[in-house]
Amino acid sequence: MSAAALAGAGVLALVGALVLAGCSDADASAKDLTVSGAYIPQPVSADMAAGFLTISNPGSSQDELTSVTSDDGAITMHETTGGTMEEVSRLPVPAHGQLVFKSGANHLMFDKLKRKPEQGQTITVELHFAQSDPVVVKMPVKSATYVPTTGH
């Protein structure tokens with residue numbers, strides 16, 4: 001085999017190794033988070049609202065939601081256990097599982113909103129994770145009595 005052929009084979013082997021490394025479970029889980037069922041019930045207050053959604057993680061590595069940001073106002077994450085609501089700085093997104101935000105449980109609290117969300121509008125938020133890239137979500141404002149078919 002010529003030197004040029006050997007060099008070409010070496011380059012192909014290196015490219016193949018890099019492609020395989022790019023397919024590792026850690027890489028896949030960091031890219032595969034999806035968001036569904038996002039909405040905000042139309043709030044009564046002009047500057048506060050709650051938000052709900054589901055983050056799905058089909059990967060084999062757990063991740064964590066570390067913050068949620070929006071140009072429309074401040075957002076904090078809360079969990080409700082035993083009827084008590086508490087602000088948290090991180091929430092796990094389990095491997096092969098979901099992090100669910102629903103009424104009476106985990107939820108987003110929008111505070112100091114720049115405008116009162118009205119039914120039919122959307123609020124754009126960005127979800128930040130410990131390992132995955134940020135995810136931008138458009139959250140439609142639904143009626144105050146809206147009940148999703150998914151139960152959250």
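The protein I am showing has 2 helices and 10 strands. Please keep in mind that this is a predicted model. Reading from the N terminus, the order of elements is α-α-β-β-β-β-β-β-β-β-β-β. There are 152 residues in the protein, and buried residues make up 34% of them. The protein exposes about 8400 Å², and carbon and sulfur atoms supply 57% of that area.

Let me start with strand S8. Strand S8 covers residues 107–111. Of its 5 residues, 4 are buried, so S8 is largely enclosed by the rest of the structure. Which strands does S8 pair with? One is strand S2, residues 48–57, which pairs with S8 in the antiparallel sense over 4 bridges. Another is strand S4, residues 74–81, also antiparallel to S8, over 5 bridges. To put residues on these pairings, Ala-50 stands opposite Met-109 in S8, and His-78 has His-107 of S8 as its bridge partner.

Ala-50 itself lies in strand S2. With a relative accessible area of 22%, Ala-50 is partly exposed; the cut-off for buried is under 20%. Apart from neighbours within four places in sequence, Ala-50 is in contact with Tyr-39, Ile-40 and Pro-41, and also with Leu-108, Met-109 and Phe-110. Ile-40 is 10 residues from Ala-50 in sequence, and their C-alpha atoms are 6.0 Å apart.

Staying in strand S2, the next residue is Ser-56. Is Ser-56 buried or exposed? Ser-56 has a relative accessible area of 16%, so it counts as buried. Its side chain makes a polar contact of 3.1 Å with the side chain of Gln-98. Setting aside neighbours within four places in sequence, Ser-56 is in contact with Asp-32, Leu-33, Thr-34, Gly-97 and Gln-98.

Now the nonpolar core. The largest one has 26 residues. The residues with the most contacts inside it are Ile-55, Leu-65, Leu-108, Phe-110, Val-125, Leu-127 and Met-139. What does Met-139 touch? Not counting residues up to four places away in sequence, its partners include Ala-38, Tyr-39 and Ile-40, then Gly-51, Phe-52 and Leu-53. Leu-108 and Phe-110 are also among them, as are Gln-121, Thr-122, Ile-123 and Val-125.

Next, the aromatic rings. How many aromatic pairs does the structure hold? The structure holds 2 aromatic pairs. Tyr-39 and Phe-52 form a tilted pair, with 5.4 Å from centre to centre and 40 degrees between the planes. Tyr-39 lies in strand S1, residues 34–41, and Phe-52 in strand S2, so this pair ties together parts that are 13 residues apart in sequence. Both Tyr-39 and Phe-52 are buried. Tyr-39 also pairs with Tyr-146, and that pair is edge-to-face: 4.9 Å centre to centre, with 75 degrees between the planes. The pair of Tyr-39 and Tyr-146 links distant parts of the chain, 107 residues apart, with Tyr-146 in the segment after strand S10, residues 135–142. As for accessibility, Tyr-39 counts as buried because its value is 4%, while Tyr-146 is partly exposed at 32%. Tyr-39, Phe-52 and Tyr-146 form one aromatic cluster.

A brief stop at strand S5, residues 84–88, where Glu-86 lies. Leaving out neighbours within four places in sequence, Glu-86 is in contact with Met-77, His-78 and Glu-79. Glu-86 and Asn-106 are 20 residues apart along the chain, and their C-alpha atoms are separated by 9.4 Å.

Last, a point about the backbone. Most residues other than glycine have a negative phi. Which way does phi point in His-96, positive or negative? His-96 has a positive phi of about 55 degrees, although it is not a glycine. His-96 sits in the loop between strand S6 (91–93) and strand S7 (97–101), and at a relative accessible area of 61% it is exposed. Lys-112, also not a glycine, has a positive phi of about 55 degrees. Its loop runs between strand S8 and strand S9 (122–129). Lys-112 counts as exposed because its relative accessibility is 62%, and the cut-off for exposed is over 50%.

Notes: Residues are numbered from 1 along each chain as its sequence is written. This is a predicted model: local features need pLDDT of at least 70, side-chain atom pairs count only at pLDDT 80 or more; totals for chains, interfaces and linings use all residues. Side-chain values use heavy atoms; hydrogens and water are left out. Buried means under 20% relative accessible area, exposed over 50%, partly exposed in between (1.4 Å probe, protein chains only). Two strands pair if DSSP finds at least two bridges between them. A nonpolar core is a set of buried Ala, Val, Leu, Ile, Met, Phe, Trp, Tyr and Cys residues joined through side-chain atoms within 4.5 Å. Contact means heavy atoms within 4.5 Å. A polar contact is a pair of N or O atoms within 3.5 Å; within protein, one must be able to donate a hydrogen and the other to accept it, and residues adjacent in sequence count only if both atoms are side-chain atoms. Accessible areas come from the Shrake-Rupley method with a 1.4 Å probe; for residues, only the protein chains shown count as cover. Rings of Phe, Tyr and Trp (its six-membered ring) pair if their centres lie within 6.5 Å; planes under 30 degrees apart count as stacked, over 60 as edge-to-face and the rest as tilted.
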